[in-house]
Amino acid sequence: MAISKEEFFRKYKIDENYLMENNVDWRELEEIYVDFNKYRKSYETQADLIANILRGHKKVHSVKTRVKDAHHLIEKIIRKTPDRRKKYGDDFRFTVDNYKNEITDLLGIRVIHIFKEDWEEIHDFISQMWNVNEIVANIREGDNTKKFEELGIEVCSRLSGYRSVHYLVESYPTTKKVIAEVQVRTIFEEGYGEIDHQLRYSLDNIPEILEQNLMLLNRIAGSSDEMASLINLLSKSFNDIKVKFEDEISVKDRKIIQLKDEIEKSISLSKEEKENIIKKINNII
(Lines give C-alpha, C1' and ligand atoms only; values in the text may rest on other atoms or scores of the structure.)
Protein backbone atom coordinates (compact mmCIF):
# COMPACT_ATOMS: atom_id res chain seq x y z
CA MET A 1 0.00 0.00 0.00
CA ALA A 2 1.49 3.32 -1.11
CA ILE A 3 1.47 6.49 0.96
CA SER A 4 -0.22 9.58 -0.52
CA LYS A 5 2.35 12.36 -0.63
CA GLU A 6 -0.18 15.19 -0.97
CA GLU A 7 -2.40 13.87 1.81
CA PHE A 8 0.61 13.39 4.09
CA PHE A 9 1.90 16.92 3.47
CA ARG A 10 -1.53 18.35 4.18
CA LYS A 11 -2.02 16.37 7.40
CA TYR A 12 1.41 17.04 8.92
CA LYS A 13 2.01 20.51 7.45
CA ILE A 14 5.18 19.45 5.64
CA ASP A 15 6.29 20.44 2.14
CA GLU A 16 8.95 19.66 -0.47
CA ASN A 17 11.18 22.50 0.72
CA TYR A 18 11.38 21.02 4.22
CA LEU A 19 12.39 17.63 2.80
CA MET A 20 15.07 19.21 0.61
CA GLU A 21 16.46 21.31 3.47
CA ASN A 22 16.86 18.19 5.61
CA ASN A 23 18.15 15.83 2.92
CA VAL A 24 15.03 13.62 3.02
CA ASP A 25 14.23 11.53 -0.04
CA TRP A 26 10.51 10.79 -0.39
CA ARG A 27 11.25 7.54 -2.24
CA GLU A 28 13.16 6.25 0.78
CA LEU A 29 10.23 7.19 3.01
CA GLU A 30 7.93 5.17 0.74
CA GLU A 31 10.28 2.17 0.99
CA ILE A 32 10.27 2.44 4.79
CA TYR A 33 6.48 2.75 4.80
CA VAL A 34 6.08 -0.41 2.70
CA ASP A 35 8.68 -2.33 4.73
CA PHE A 36 7.07 -1.39 8.05
CA ASN A 37 3.60 -2.44 6.91
CA LYS A 38 5.06 -5.70 5.59
CA TYR A 39 6.21 -6.69 9.06
CA ARG A 40 3.51 -4.96 11.09
CA LYS A 41 1.64 -8.17 11.93
CA SER A 42 4.80 -9.80 13.24
CA TYR A 43 5.47 -6.68 15.33
CA GLU A 44 1.99 -6.94 16.86
CA THR A 45 2.65 -10.61 17.68
CA GLN A 46 5.99 -9.74 19.29
CA ALA A 47 4.43 -6.91 21.31
CA ASP A 48 1.81 -9.36 22.61
CA LEU A 49 4.54 -11.87 23.48
CA ILE A 50 6.48 -9.28 25.51
CA ALA A 51 3.24 -8.16 27.18
CA ASN A 52 2.27 -11.72 28.14
CA ILE A 53 5.68 -12.30 29.73
CA LEU A 54 5.28 -9.10 31.75
CA ARG A 55 1.71 -10.00 32.76
CA GLY A 56 3.12 -13.06 34.50
CA HIS A 57 4.91 -10.93 37.09
CA LYS A 58 3.07 -10.73 40.41
CA LYS A 59 3.63 -6.97 40.82
CA VAL A 60 2.21 -6.06 37.39
CA HIS A 61 -1.37 -4.81 37.50
CA SER A 62 -1.99 -4.57 33.74
CA VAL A 63 -0.18 -4.25 30.41
CA LYS A 64 -1.07 -2.36 27.23
CA THR A 65 0.52 -2.74 23.80
CA ARG A 66 0.64 -0.76 20.60
CA VAL A 67 2.54 -0.85 17.33
CA LYS A 68 3.36 2.54 15.85
CA ASP A 69 1.04 3.86 13.17
CA ALA A 70 2.82 3.83 9.79
CA HIS A 71 1.97 7.48 9.01
CA HIS A 72 3.22 8.56 12.45
CA LEU A 73 6.41 6.62 11.79
CA ILE A 74 7.10 8.55 8.58
CA GLU A 75 6.28 11.86 10.29
CA LYS A 76 8.67 11.00 13.13
CA ILE A 77 11.44 10.03 10.70
CA ILE A 78 11.11 13.41 8.99
CA ARG A 79 11.03 15.22 12.34
CA LYS A 80 14.05 13.30 13.69
CA THR A 81 16.23 13.69 10.59
CA PRO A 82 17.78 17.07 11.61
CA ASP A 83 18.69 15.61 15.02
CA ARG A 84 20.29 12.52 13.45
CA ARG A 85 22.25 14.67 10.98
CA LYS A 86 23.70 16.59 13.91
CA LYS A 87 24.60 13.30 15.55
CA TYR A 88 25.98 11.38 12.53
CA GLY A 89 26.78 14.09 9.99
CA ASP A 90 24.99 15.85 7.12
CA ASP A 91 25.09 12.75 4.92
CA PHE A 92 22.83 10.76 7.25
CA ARG A 93 19.53 9.50 5.81
CA PHE A 94 16.91 7.19 7.23
CA THR A 95 16.72 3.99 5.19
CA VAL A 96 15.03 0.59 5.27
CA ASP A 97 18.26 -0.80 6.73
CA ASN A 98 18.64 1.61 9.66
CA TYR A 99 15.21 2.92 10.72
CA LYS A 100 14.49 -0.06 13.01
CA ASN A 101 17.58 0.80 15.08
CA GLU A 102 17.02 4.56 15.05
CA ILE A 103 13.28 4.68 15.84
CA THR A 104 13.03 3.10 19.26
CA ASP A 105 9.29 2.99 19.81
CA LEU A 106 8.04 0.90 16.89
CA LEU A 107 6.74 -1.49 19.53
CA GLY A 108 5.29 0.08 22.67
CA ILE A 109 4.46 -1.79 25.86
CA ARG A 110 3.07 0.00 28.89
CA VAL A 111 3.29 -1.72 32.27
CA ILE A 112 1.04 -0.51 35.08
CA HIS A 113 1.69 -1.29 38.73
CA ILE A 114 -0.17 -0.18 41.88
CA PHE A 115 2.42 0.84 44.46
CA LYS A 116 5.56 2.90 43.75
CA GLU A 117 7.77 0.40 45.55
CA ASP A 118 6.64 -2.38 43.17
CA TRP A 119 8.81 -0.82 40.47
CA GLU A 120 12.06 -2.31 41.78
CA GLU A 121 10.93 -5.93 41.31
CA ILE A 122 9.57 -5.15 37.84
CA HIS A 123 12.84 -3.40 36.97
CA ASP A 124 14.84 -6.48 38.01
CA PHE A 125 12.51 -8.72 35.98
CA ILE A 126 12.87 -6.66 32.80
CA SER A 127 16.67 -6.52 33.22
CA GLN A 128 16.81 -10.31 33.51
CA MET A 129 14.42 -11.13 30.67
CA TRP A 130 15.72 -8.86 27.88
CA ASN A 131 18.84 -7.10 26.67
CA VAL A 132 18.21 -3.53 27.82
CA ASN A 133 19.92 -0.86 25.74
CA GLU A 134 18.78 2.16 27.70
CA ILE A 135 16.79 3.14 30.82
CA VAL A 136 15.49 6.64 31.52
CA ALA A 137 13.48 7.64 34.59
CA ASN A 138 11.19 10.56 33.74
CA ILE A 139 10.42 12.50 36.89
CA ARG A 140 8.88 15.73 38.13
CA GLU A 141 11.32 18.25 39.59
CA GLY A 142 11.59 17.65 43.32
CA ASP A 143 10.94 13.89 43.14
CA ASN A 144 13.19 11.55 45.11
CA THR A 145 15.79 10.15 42.68
CA LYS A 146 17.97 8.25 45.17
CA LYS A 147 16.99 4.75 44.01
CA PHE A 148 17.50 5.62 40.32
CA GLU A 149 20.93 7.07 41.09
CA GLU A 150 21.92 3.98 43.10
CA LEU A 151 21.07 1.81 40.08
CA GLY A 152 22.88 4.11 37.64
CA ILE A 153 19.66 5.02 35.81
CA GLU A 154 19.54 8.25 33.83
CA VAL A 155 17.06 10.77 35.25
CA CYS A 156 15.14 13.24 33.08
CA SER A 157 13.18 16.03 34.78
CA ARG A 158 10.02 16.87 32.82
CA LEU A 159 8.44 20.32 33.07
CA SER A 160 5.06 18.74 32.35
CA GLY A 161 5.42 16.56 35.46
CA TYR A 162 5.31 13.37 33.37
CA ARG A 163 6.50 10.36 35.39
CA SER A 164 7.42 6.99 33.90
CA VAL A 165 10.48 4.76 33.63
CA HIS A 166 11.30 3.90 30.00
CA TYR A 167 13.28 0.87 28.86
CA LEU A 168 14.58 0.21 25.36
CA VAL A 169 14.80 -3.57 24.96
CA GLU A 170 15.93 -5.70 22.04
CA SER A 171 13.17 -7.62 20.29
CA TYR A 172 13.35 -10.08 17.39
CA PRO A 173 9.97 -10.52 15.66
CA THR A 174 12.02 -11.60 12.62
CA THR A 175 15.74 -12.20 12.12
CA LYS A 176 16.16 -8.41 12.21
CA LYS A 177 16.37 -6.69 15.57
CA VAL A 178 13.67 -4.20 16.56
CA ILE A 179 13.89 -1.96 19.61
CA ALA A 180 10.78 -2.10 21.81
CA GLU A 181 9.97 0.63 24.30
CA VAL A 182 8.66 -0.59 27.66
CA GLN A 183 7.12 2.10 29.87
CA VAL A 184 6.63 1.33 33.56
CA ARG A 185 4.44 3.56 35.73
CA THR A 186 1.98 3.51 38.60
CA ILE A 187 -1.76 3.45 38.09
CA PHE A 188 -1.97 7.11 39.21
CA GLU A 189 0.84 8.15 36.84
CA GLU A 190 -1.03 6.36 34.05
CA GLY A 191 -4.21 8.33 34.76
CA TYR A 192 -2.40 11.66 34.70
CA GLY A 193 -0.30 10.70 31.67
CA GLU A 194 -3.35 9.72 29.61
CA ILE A 195 -5.16 12.99 30.36
CA ASP A 196 -2.05 15.07 29.66
CA HIS A 197 -1.38 13.17 26.40
CA GLN A 198 -4.95 13.58 25.18
CA LEU A 199 -4.95 17.34 25.78
CA ARG A 200 -1.53 17.96 24.24
CA TYR A 201 -2.38 16.02 21.09
CA SER A 202 -5.84 17.51 20.67
CA LEU A 203 -4.82 21.15 21.20
CA ASP A 204 -2.09 23.07 19.38
CA ASN A 205 -1.69 25.36 22.37
CA ILE A 206 -2.92 24.53 25.85
CA PRO A 207 -4.58 27.53 27.54
CA GLU A 208 -2.90 28.67 30.73
CA ILE A 209 -5.89 27.70 32.88
CA LEU A 210 -5.69 24.12 31.56
CA GLU A 211 -1.92 24.05 32.03
CA GLN A 212 -2.32 25.13 35.66
CA ASN A 213 -4.96 22.50 36.32
CA LEU A 214 -2.82 19.83 34.67
CA MET A 215 0.00 20.65 37.07
CA LEU A 216 -2.46 20.52 39.97
CA LEU A 217 -3.62 17.10 38.76
CA ASN A 218 0.02 16.03 38.53
CA ARG A 219 0.62 16.99 42.16
CA ILE A 220 -2.55 15.15 43.19
CA ALA A 221 -1.39 12.05 41.29
CA GLY A 222 2.01 12.25 43.02
CA SER A 223 0.34 12.66 46.42
CA SER A 224 -1.96 9.72 45.65
CA ASP A 225 1.10 7.56 44.96
CA GLU A 226 2.62 8.58 48.29
CA MET A 227 -0.67 7.91 50.10
CA ALA A 228 -1.04 4.50 48.44
CA SER A 229 2.52 3.59 49.47
CA LEU A 230 1.82 4.65 53.07
CA ILE A 231 -1.39 2.58 53.12
CA ASN A 232 0.55 -0.39 51.74
CA LEU A 233 3.26 0.03 54.38
CA LEU A 234 0.70 0.30 57.19
CA SER A 235 -1.14 -2.74 55.86
CA LYS A 236 2.08 -4.76 55.90
CA SER A 237 2.85 -3.53 59.43
CA PHE A 238 -0.59 -4.52 60.69
CA ASN A 239 -0.24 -7.89 59.00
CA ASP A 240 3.20 -8.42 60.57
CA ILE A 241 1.74 -7.59 64.00
CA LYS A 242 -1.15 -9.98 63.38
CA VAL A 243 1.19 -12.80 62.36
CA LYS A 244 3.44 -12.16 65.36
CA PHE A 245 0.43 -12.11 67.71
CA GLU A 246 -0.97 -15.33 66.22
CA ASP A 247 2.45 -17.00 66.58
CA GLU A 248 2.66 -15.96 70.23
CA ILE A 249 -0.90 -17.24 70.89
CA SER A 250 0.01 -20.52 69.20
CA VAL A 251 3.09 -20.91 71.43
CA LYS A 252 1.01 -20.07 74.50
CA ASP A 253 -1.66 -22.63 73.55
CA ARG A 254 0.96 -25.35 73.12
CA LYS A 255 2.41 -24.55 76.54
CA ILE A 256 -1.05 -24.68 78.15
CA ILE A 257 -1.74 -28.05 76.55
CA GLN A 258 1.64 -29.28 77.73
CA LEU A 259 0.97 -27.99 81.28
CA LYS A 260 -2.45 -29.66 81.40
CA ASP A 261 -0.91 -32.89 80.22
CA GLU A 262 1.73 -32.71 82.99
CA ILE A 263 -1.01 -32.08 85.58
CA GLU A 264 -3.02 -35.06 84.32
CA LYS A 265 0.03 -37.30 84.56
CA SER A 266 1.04 -36.07 88.02
CA ILE A 267 0.92 -38.78 90.71
CA SER A 268 1.24 -36.37 93.63
CA LEU A 269 -2.15 -34.74 92.99
CA SER A 270 -5.57 -36.19 93.61
CA LYS A 271 -8.15 -36.32 90.86
CA GLU A 272 -10.11 -33.49 92.50
CA GLU A 273 -6.97 -31.34 92.80
CA LYS A 274 -6.16 -31.91 89.15
CA GLU A 275 -9.69 -30.89 88.09
CA ASN A 276 -9.56 -27.74 90.19
CA ILE A 277 -6.17 -26.66 88.78
CA ILE A 278 -7.26 -27.28 85.19
CA LYS A 279 -10.52 -25.40 85.87
CA LYS A 280 -8.54 -22.39 87.13
CA ILE A 281 -6.29 -22.49 84.05
CA ASN A 282 -9.35 -22.56 81.73
CA ASN A 283 -10.87 -19.59 83.60
CA ILE A 284 -7.65 -17.60 83.13
CA ILE A 285 -7.48 -18.22 79.39
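In this predicted model, Arg-163 counts as buried at 14% relative accessibility. The side chain of Arg-163 forms a salt bridge with Asp-143, and the closest N and O atoms of the two are 2.7 Å apart. Asp-143 counts as partly exposed, at 25% relative accessibility. Salt bridges with shared partners also join Lys-64, Arg-110, Arg-185, Glu-190 and Glu-194 into one network.

**Salt bridges**

The structure holds 25 salt bridges. One of them is between the side chains of Glu-102 and Arg-84, with an N to O distance of 2.7 Å. This pair links distant parts of the chain, with Glu-102 in helix H5 (residues 99-102) and Arg-84 in helix H4 (residues 70-88), 18 residues apart. Glu-102 is buried because its relative accessible area, 15%, is under 20%. Arg-84 also counts as buried, at 12% relative accessibility.

A salt bridge with an N to O distance of 3.6 Å is formed by the side chains of Glu-120 and Lys-147. Here too the pair links distant parts of the chain: Glu-120 belongs to helix H6 (residues 119-129) and Lys-147 to helix H7 (residues 146-150), 27 residues apart. Glu-120 is partly exposed, with a relative accessible area of 35%. Lys-147 is partly exposed as well, with a relative accessible area of 32%.

| Salt bridge | N to O distance |
|---|---|
| Arg-163 and Asp-143 | 2.7 Å |
| Glu-102 and Arg-84 | 2.7 Å |
| Glu-120 and Lys-147 | 3.6 Å |

**Buried polar residues**

Asn-218 lies in helix H9 and is buried, with a relative accessible area of 1%. Its side chain is joined to that of Arg-140 by a polar contact of 2.9 Å. Which residues does Asn-218 contact, leaving aside its neighbours within four places in sequence? They are Arg-140, Ser-160, Gly-161, Tyr-162, Arg-163 and Tyr-192. Arg-163 in this set is the salt-bridge partner of Asp-143.

His-123 is found in helix H6, and Glu-120 lies in that helix too. At 7% relative accessibility, His-123 counts as buried. A polar contact of 2.9 Å joins the side chains of His-123 and Tyr-167. When neighbours within four places in sequence are left aside, His-123 is in contact with Ile-135, Leu-151, Ile-153 and Tyr-167.

**Nonpolar core**

In soluble globular proteins, nonpolar side chains tend to be buried together. The largest nonpolar core of this model has 50 residues. Those with the most contacts inside it are Phe-8, Leu-54, Tyr-99, Ile-109, Ile-126, Tyr-167 and Val-182. Helix H3 (residues 26-55) supplies the largest share of this core, 10 residues. Tyr-167, one of the core residues named above, is also the polar-contact partner of His-123.

Leu-54 is in contact with Val-60, Val-63, Ile-109, Val-111, Phe-125, Ile-126, Trp-130 and Val-182, leaving aside its neighbours within four places in sequence. Among these, Ile-109, Ile-126 and Val-182 are also listed with the most contacts inside the core.

Ile-14 lies in the loop between helix H1 (5-12) and helix H2 (16-21). Is Ile-14 buried or exposed? Ile-14 is buried, because its relative accessible area of 12% is under 20%. Apart from its neighbours within four places in sequence, Ile-14 is in contact with Phe-8, Phe-9, Leu-19 and Ile-78. Phe-8 is one of the residues with the most contacts inside the core. Ile-14 and Asn-232 are 218 residues apart in sequence, and their C-alpha atoms are 50 Å apart in space.

**Nonpolar surface patch**

Nonpolar side chains also occur on the surface. Met-227, Leu-230, Ile-231, Leu-233, Leu-234, Phe-238 and Ile-241 form a patch there, with about 720 Å² of accessible area together. Leu-234 has its place in helix H9 (residues 208-265), the helix that also holds Asn-218. Leu-234 is partly exposed, with a relative accessible area of 41%, whereas Asn-218 is buried at 1%.

Methods: Residues are numbered from 1 along each chain as its sequence is written. This is a predicted model: local features need pLDDT of at least 70, side-chain atom pairs count only at pLDDT 80 or more; totals for chains, interfaces and linings use all residues. Side-chain values use heavy atoms; hydrogens and water are left out. Patches are made of residues with over 30% relative accessible area and no salt bridge: like charges are joined within 9 Å, nonpolar side chains (Val, Leu, Ile, Met, Phe, Trp, Tyr) within 5 Å. Accessible areas come from the Shrake-Rupley method with a 1.4 Å probe; for residues, only the protein chains shown count as cover. A salt bridge is a side-chain nitrogen of Lys or Arg within 4 Å of a carboxyl oxygen of Asp or Glu. Helices (H or I, at least four residues) and strands (E, at least two) are DSSP runs, numbered from the N terminus. Buried means under 20% relative accessible area, exposed over 50%, partly exposed in between (1.4 Å probe, protein chains only). A polar contact is a pair of N or O atoms within 3.5 Å; within protein, one must be able to donate a hydrogen and the other to accept it, and residues adjacent in sequence count only if both atoms are side-chain atoms. Contact means heavy atoms within 4.5 Å. A nonpolar core is a set of buried Ala, Val, Leu, Ile, Met, Phe, Trp, Tyr and Cys residues joined through side-chain atoms within 4.5 Å.
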